[in-house]
Amino acid sequence: MVGDPTPPAASGGSRRRGAVLEEAILRAAADELLESGYPGLTMDRVAKRAGTNKNAIYRRWPNRAALGVAAYRRLVTARTQPPDTGTLREDALTLLRRINCDLSSPEGEILRSLLSSVGDEPELLAELQEQAADGGSASWLTILGRAVARGEAPPEAVHPRVATVALTLLRNEYVTQGLGSVPDGVLVEIVDEVYLPLVRGRGPASA
């Protein structure tokens, strides 16, 4: 069986294969999502942008929905790296502000389009729902872990439900208030009045 009939790599003259080709396809698909949204995502356009052909894409992702979900996950992963400002308060505010922008950004619209389009594909729907529900919990756990190391929070604070309380409250604002973007003053209240007191109040007794 021959390898992917892809154009030679610009630098070495050899065909791209494996992880290198997969990354090129995902990057192209993510760029297409940002430019045209999920409705405008096509295998032809992704193949052209990635410098490959549709067969190479279909060998990795069986359909447009599967590619769209994979590309969305790549977008989210790239944007949820935990901030490191030196204080828990600023880390939490920075991350919450970033998520607030994302929920009302093209990425948020991409997620809504994908969720409405993969309803008849349970595996893809479950993958998307998990991604949406996770909300970058690893980032919140990371900033809490750093806070513990700095002595800003007790070790008992490093718990997934505690870590994502601020995110849950932000989502509640979207659902109950119907806002396109939550005012920054609300984000500050979430952090100062709920998140930080909860984190700092954790300890052996409360745990």
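Asn100 sits in helix 5, which spans residues 88–103. Buried means under 20% relative accessible area, so Asn100, at 5%, counts as buried. Leaving aside residues up to four places away in sequence, Asn100 touches Leu170, Tyr174, Ser181, Val182 and Leu187.

Stepping back to the whole chain, the protein has 11 helices and zero strands. Of its 207 residues, 41% are buried. Among contacts between residues at least 6 apart in sequence, 67% join residues at least 24 apart.

The interior comes next. In soluble globular proteins, nonpolar side chains tend to be buried together. Here the largest nonpolar core has 32 residues, and those with the most contacts inside it are Ile25, Leu33, Val46, Ile57, Trp61, Leu67 and Tyr72. Two or more residues of this core come from each of helix 1 (18–36), helix 2, helix 3 (54–58), helix 4 (64–79), helix 6 (106–117) and helix 7 (122–134). Helix 4 gives the most, with nine residues. A second, separate core holds 26 residues, including Leu93, Leu96, Leu144 and Val191. Returning to Ile57, its contacts beyond four places in sequence are with Ile25, Met43, Val46, Ala47, Thr52 and Leu67.

Lys48 is found in helix 2, residues 43–50. Exposed means over 50% relative accessible area, so Lys48, at 75%, is exposed. From C-alpha to C-alpha, Lys48 lies 8.7 Å from Ala28, while the two are 20 residues apart in sequence.

The average pLDDT is 83, and 81% of the residues score at least 70. Over residues 1–14, however, pLDDT stays under 50. For this stretch the model has 22 contacts beyond four places in sequence. Where pLDDT is low, the predicted coordinates should not be read in detail.

Conventions. Residues numbered from 1 in each chain as written. Predicted model: local features only at pLDDT ≥ 70, side-chain atom pairs only at ≥ 80, totals over all residues. Heavy atoms only, no water. Helix = DSSP H or I, 4+ residues; strand = E, 2+ residues; numbered from the N terminus. Buried < 20%, exposed > 50% of the residue type's maximum accessible area, 1.4 Å probe, protein only. Contact = heavy atoms within 4.5 Å. pLDDT = per-residue confidence, 0-100. Core = buried A, V, L, I, M, F, W, Y, C linked by side-chain atoms within 4.5 Å.
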